[in-house]
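This briefing goes through selected local features of one protein chain. Please keep the sequence and the coordinates open while reading.

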Amino acid sequence: GLVGSDVCTVNVSGGKKDVGDYTATASTLSNANYALPDDKTCAFTIAHKVVGLTWSNTSLTYNGSAQKPRATATGLVSGDLCDVTVTGESTNVGDYQATATGLSNANYALPAENLTQAFSIVPKTVGLTWGTASFVYNGQSRAPTATATGVVSGDTCGVTVTGAQTNVGSYTATASALSNANYVLPAANTKAFTIARKVAQLQWSDATFTYDGQ
């Protein structure tokens, strides 16, 4: 509505940076021949910027604690920080799904896709400590015992040993299974053992004879 070739710049105040609903106001004019109208405000909105998501740590080793993958927000404005809240953590060995459910920065919004991520918790490899590997024959089946080491505090993990033998000889026992599915046997899972002869006692009889020519 300016006259002819007049120029008149409008200065607007009320600028905002963060997400929200606001009101801007035309506050002054650069040309003294003009005045602002009574209606000099305008409602405006700053909407959320949608982030991308990058997932990591999707294969985890059992450690006795609840675990989940990590999601990182991408596409942020330089200098901004925005942590991603992830739910769906699990403790035991298995295959699971985690979900990004929230952001720490109210200026950003989660995307419509890539909100979930499959992840797995794999067994922890134990060590093995073997018991005595030298036996004396007693007519019973014998084999060394094995104890799992490196087990998380509070967990129990029994070791099944196969290869027991009865008779004198040199043999190999094998740790074949664990009682706790959160653990797995190491590659070196055998133990050589021996069963030695039992020394017999001798009981003598008829130690006095009468000469009979024999």
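This is a predicted model: local features need pLDDT of at least 70, side-chain atom pairs count only at pLDDT 80 or more; totals for chains, interfaces and linings use all residues.

Leaving aside neighbours within four places in sequence, which residues is S90 in contact with? They are S65, A66, Q67, Y96, F119 and I121.

**The loop between strand 8 and strand 9**

- S90 sits in the loop that runs between strand 8 (84-87) and strand 9 (94-103).
- With a relative accessibility of 15%, S90 falls under the 20% limit and therefore counts as buried.
- E89 belongs to the loop between strand 8 and strand 9 as well, but E89 is partly exposed, at a relative accessible area of 41%.

**Charged side chains**

- The structure contains 1 salt bridge.
- Its partners are the side chains of E89 and K68, with an N to O distance of 4.0 Å.
- This pair links distant parts of the chain, since K68 lies in the loop between strand 6 (59-61) and strand 7 (70-74), 21 residues apart from E89.
- K68 is partly exposed, its relative accessible area being 37%.
- Side chains of opposite charge can pair when their charged atoms come close.
- The position of R142 is in the loop between strand 14 (134-136) and strand 15 (146-149).
- What R142 does have is a polar contact of 3.2 Å between its side chain and that of N138.
- Not counting residues up to four places away in sequence, R142 touches F135, V136, A164, Q165, F193 and I195.

**Nonpolar core**

- The largest nonpolar core is made up of 30 residues.
- Within this core, the residues with the most contacts are W55, V84, L128, V159 and L178.
- Strand 17 (residues 169-178) gives the most to the core, contributing 3 residues.
- Apart from neighbours within four places in sequence, W55 is in contact with P69, R70, A71, V86, A98, T99, A100, N114, L115, T116 and Q117.

- N114, listed among the contacts of W55, has a positive phi of about 65° although it is not a glycine.
- N114 is found in the loop between strand 10 (108-109) and strand 11 (116-122).
- The relative accessible area of N114 is 39%, so the residue is partly exposed.
- D206 is another residue other than glycine with a positive phi, near 55°.
- D206 is located in the segment after strand 19 (190-196).
- At a relative accessible area of 60%, D206 is exposed.

**Cysteines**

- How many disulfides does a search of the whole structure find? The search finds 0.
- A disulfide is a covalent bond between the sulfur atoms of two cysteines.
- C8 counts as buried at 16% relative accessibility.
- C82 is buried too, with a relative accessible area of 9%.

Technical notes:
Residues are numbered from 1 along each chain as its sequence is written. Side-chain values use heavy atoms; hydrogens and water are left out. Helices (H or I, at least four residues) and strands (E, at least two) are DSSP runs, numbered from the N terminus. A polar contact is a pair of N or O atoms within 3.5 Å; within protein, one must be able to donate a hydrogen and the other to accept it, and residues adjacent in sequence count only if both atoms are side-chain atoms. Contact means heavy atoms within 4.5 Å. Buried means under 20% relative accessible area, exposed over 50%, partly exposed in between (1.4 Å probe, protein chains only). A nonpolar core is a set of buried Ala, Val, Leu, Ile, Met, Phe, Trp, Tyr and Cys residues joined through side-chain atoms within 4.5 Å. A disulfide is a pair of cysteine sulfur atoms within 2.5 Å.
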